[in-house]
Amino acid sequence: MKIEKDRVVRFHYSVAEAGQAPVETSRDRDPLAILFGHGNIIPGLEKAMEGREAGESFKAEVTADEAYGERREGMTQRVPKKHFGEQKLSVGQQVVLNTSFGPRAVTIEKVGMSVVDVDLNHPMAGKDLAFDIEIVDVREASPEEIEHGHVHGDGGHHH
(Lines give C-alpha, C1' and ligand atoms only; values in the text may rest on other atoms or scores of the structure.)
Protein backbone atom coordinates (compact mmCIF):
# COMPACT_ATOMS: atom_id res chain seq x y z
CA MET A 1 0.00 0.00 0.00
CA LYS A 2 1.41 3.37 -1.03
CA ILE A 3 1.65 6.37 1.30
CA GLU A 4 -1.00 8.95 0.44
CA LYS A 5 -3.47 11.29 2.17
CA ASP A 6 -5.62 9.70 4.89
CA ARG A 7 -3.33 6.72 5.43
CA VAL A 8 -1.61 5.88 8.71
CA VAL A 9 2.15 5.56 8.37
CA ARG A 10 4.43 4.09 11.04
CA PHE A 11 8.11 4.80 10.52
CA HIS A 12 11.50 5.02 12.17
CA TYR A 13 13.70 8.04 11.61
CA SER A 14 17.01 9.62 12.44
CA VAL A 15 17.50 13.33 11.90
CA ALA A 16 20.67 15.39 11.71
CA GLU A 17 21.61 18.87 10.73
CA ALA A 18 22.94 18.47 7.16
CA GLY A 19 26.50 17.11 7.32
CA GLN A 20 26.40 16.46 11.09
CA ALA A 21 25.82 13.49 13.38
CA PRO A 22 22.18 12.55 14.18
CA VAL A 23 20.60 14.57 16.97
CA GLU A 24 17.48 12.45 17.37
CA THR A 25 16.31 8.95 16.47
CA SER A 26 13.24 6.79 17.00
CA ARG A 27 15.08 3.50 16.57
CA ASP A 28 15.38 2.96 20.34
CA ARG A 29 11.58 3.07 20.81
CA ASP A 30 8.34 2.34 18.94
CA PRO A 31 8.02 3.77 15.42
CA LEU A 32 6.37 7.17 15.03
CA ALA A 33 2.76 6.93 13.77
CA ILE A 34 1.23 9.77 11.74
CA LEU A 35 -1.92 10.47 9.77
CA PHE A 36 -0.46 11.33 6.39
CA GLY A 37 -1.56 14.53 4.65
CA HIS A 38 -2.77 16.27 7.82
CA GLY A 39 0.31 18.33 8.71
CA ASN A 40 1.50 15.91 11.40
CA ILE A 41 5.13 16.17 10.19
CA ILE A 42 7.21 18.85 8.49
CA PRO A 43 6.24 19.52 4.84
CA GLY A 44 9.57 18.46 3.29
CA LEU A 45 9.51 15.07 5.00
CA GLU A 46 5.89 14.51 4.00
CA LYS A 47 6.80 15.22 0.35
CA ALA A 48 9.72 12.76 0.54
CA MET A 49 7.47 10.01 1.95
CA GLU A 50 4.55 10.33 -0.46
CA GLY A 51 4.12 7.31 -2.75
CA ARG A 52 6.51 5.09 -0.78
CA GLU A 53 5.56 1.71 0.72
CA ALA A 54 6.15 -0.37 3.85
CA GLY A 55 9.65 -1.86 3.94
CA GLU A 56 11.27 1.04 2.09
CA SER A 57 14.28 2.80 3.59
CA PHE A 58 15.56 6.08 2.18
CA LYS A 59 17.40 9.29 2.95
CA ALA A 60 15.80 12.72 2.55
CA GLU A 61 17.40 16.15 2.53
CA VAL A 62 14.96 18.82 3.73
CA THR A 63 15.77 22.53 3.46
CA ALA A 64 14.99 24.85 6.36
CA ASP A 65 12.02 26.43 4.57
CA GLU A 66 10.43 22.95 4.19
CA ALA A 67 11.35 21.97 7.77
CA TYR A 68 10.98 24.35 10.74
CA GLY A 69 11.31 27.56 8.75
CA GLU A 70 13.95 30.24 8.81
CA ARG A 71 15.08 31.72 12.12
CA ARG A 72 13.13 34.88 12.89
CA GLU A 73 14.79 37.73 14.73
CA GLY A 74 12.94 39.27 17.64
CA MET A 75 11.46 35.95 18.75
CA THR A 76 12.59 36.36 22.34
CA GLN A 77 10.41 36.59 25.38
CA ARG A 78 11.02 37.30 29.06
CA VAL A 79 9.37 34.67 31.26
CA PRO A 80 9.07 34.66 35.06
CA LYS A 81 11.52 32.09 36.46
CA LYS A 82 8.73 30.40 38.46
CA HIS A 83 7.38 28.91 35.18
CA PHE A 84 10.46 26.67 34.98
CA GLY A 85 9.89 25.07 38.38
CA GLU A 86 13.03 23.77 40.07
CA GLN A 87 14.97 23.17 36.83
CA LYS A 88 18.60 24.29 36.85
CA LEU A 89 18.82 26.60 33.82
CA SER A 90 21.83 27.52 31.70
CA VAL A 91 22.36 29.59 28.56
CA GLY A 92 21.91 27.53 25.39
CA GLN A 93 19.84 24.87 27.16
CA GLN A 94 16.68 23.70 25.40
CA VAL A 95 13.62 23.19 27.58
CA VAL A 96 9.93 22.65 27.04
CA LEU A 97 7.83 25.51 28.36
CA ASN A 98 4.10 25.06 28.92
CA THR A 99 2.32 27.95 27.20
CA SER A 100 -1.33 28.86 26.65
CA PHE A 101 -0.89 27.25 23.20
CA GLY A 102 0.50 24.01 24.65
CA PRO A 103 4.10 22.82 25.19
CA ARG A 104 6.77 24.70 23.24
CA ALA A 105 10.49 24.00 22.88
CA VAL A 106 12.51 27.11 23.74
CA THR A 107 16.20 27.91 24.10
CA ILE A 108 17.48 29.73 27.19
CA GLU A 109 19.26 32.98 26.27
CA LYS A 110 19.73 34.63 29.66
CA VAL A 111 18.99 33.64 33.25
CA GLY A 112 18.28 36.42 35.72
CA MET A 113 17.30 36.42 39.40
CA SER A 114 13.54 36.34 38.73
CA VAL A 115 13.16 36.21 34.92
CA VAL A 116 14.50 34.11 32.05
CA ASP A 117 14.93 35.32 28.46
CA VAL A 118 14.04 32.58 25.95
CA ASP A 119 14.30 32.25 22.18
CA LEU A 120 10.95 31.03 20.82
CA ASN A 121 12.36 29.87 17.47
CA HIS A 122 12.23 26.09 17.07
CA PRO A 123 15.71 24.74 17.95
CA MET A 124 16.06 23.48 14.35
CA ALA A 125 14.76 26.66 12.69
CA GLY A 126 17.08 27.90 9.95
CA LYS A 127 18.73 24.48 9.57
CA ASP A 128 18.76 22.15 6.58
CA LEU A 129 18.05 18.63 7.84
CA ALA A 130 19.05 15.14 6.75
CA PHE A 131 16.66 12.27 7.52
CA ASP A 132 17.21 8.53 7.40
CA ILE A 133 13.75 6.92 7.15
CA GLU A 134 12.46 3.34 7.38
CA ILE A 135 8.75 2.85 6.58
CA VAL A 136 7.45 0.14 8.94
CA ASP A 137 3.84 -0.09 7.75
CA VAL A 138 1.06 1.75 5.94
CA ARG A 139 -2.69 1.24 6.46
CA GLU A 140 -5.99 2.96 5.73
CA ALA A 141 -7.00 5.43 8.43
CA SER A 142 -10.32 4.91 10.18
CA PRO A 143 -13.07 7.52 9.68
CA GLU A 144 -12.58 8.56 13.33
CA GLU A 145 -8.82 9.11 12.82
CA ILE A 146 -9.52 11.25 9.75
CA GLU A 147 -12.17 13.24 11.65
CA HIS A 148 -9.81 13.81 14.60
CA GLY A 149 -6.74 14.49 12.41
CA HIS A 150 -4.45 12.02 14.19
CA VAL A 151 -3.70 8.32 14.65
CA HIS A 152 -5.44 6.27 17.34
CA GLY A 153 -4.20 3.06 18.92
CA ASP A 154 -0.74 1.58 18.31
CA GLY A 155 1.78 4.43 18.20
CA GLY A 156 -0.96 7.06 18.19
CA HIS A 157 -3.29 8.98 20.44
CA HIS A 158 -5.35 7.26 23.12
CA HIS A 159 -8.64 8.98 24.07
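Four bridges join β7 to strand β8 (residues 115-119), and the two run antiparallel; two strands pair if DSSP finds at least two bridges between them, and strands (E, at least two residues) and helices (H or I, at least four) are DSSP runs, numbered from the N terminus. The model is predicted, with local features needing pLDDT of at least 70 and side-chain atom pairs counting only at pLDDT 80 or more, while totals for chains, interfaces and linings use all residues. Residues are numbered from 1 along each chain as its sequence is written, and side-chain values use heavy atoms, with hydrogens and water left out.

**The open sheet**

- Four strands form an open sheet in the order β5-β8-β7-β6, with antiparallel pairing.
- Because β5 and β6 stand at the edges with a single partner strand each, one side of each is left without a neighbour in the sheet.
- From one strand to the next, the twist averages 50°, an angle between N-to-C directions, on a scale from 0 to 180 degrees, of axes fitted as lines to C-alpha atoms.

**The largest nonpolar core**

- A nonpolar core is a set of buried Ala, Val, Leu, Ile, Met, Phe, Trp, Tyr and Cys residues joined through side-chain atoms within 4.5 Å, where buried means under 20% relative accessible area (1.4 Å probe, protein chains only).
- The largest such core has 21 residues, and Val 9, Phe 11, Leu 45, Met 49, Phe 131, Ile 133 and Ile 135 are those with the most contacts inside it.
- Two or more residues of this core come from each of β1, α1 (43-49), β4 (57-62) and β9, and β9 supplies the largest share, five residues.

**The two pockets**

- A pocket is an open set of points on a 1 Å grid over the protein atoms alone, where a 1.4 Å probe fits and protein lies on both sides within 12 Å along at least five of seven lines; lining residues have an atom within 4 Å of a point.
- The largest pocket holds about 310 Å³ of space, and of its 15 lining residues the closest to the centre are Tyr 13, Val 15, Glu 24, Tyr 68 and Phe 131.
- β1 (7-17), β2 (22-25) and β9 (129-140) each give two or more residues to this lining, and β1 gives the most, with three.
- The second largest pocket holds about 170 Å³ of space, and its lining includes Gln 77, Arg 78, His 83 and Phe 101.
- β5 (76-80), β6 (94-99) and β7 (102-111) each give two or more residues to the lining of the second largest pocket, with the largest share, four residues, coming from β5.

Note on methods:
Points joined across faces, edges and corners; volume = space filled by probe spheres on them. Buried < 20%, exposed > 50% of the residue type's maximum accessible area, 1.4 Å probe, protein only.
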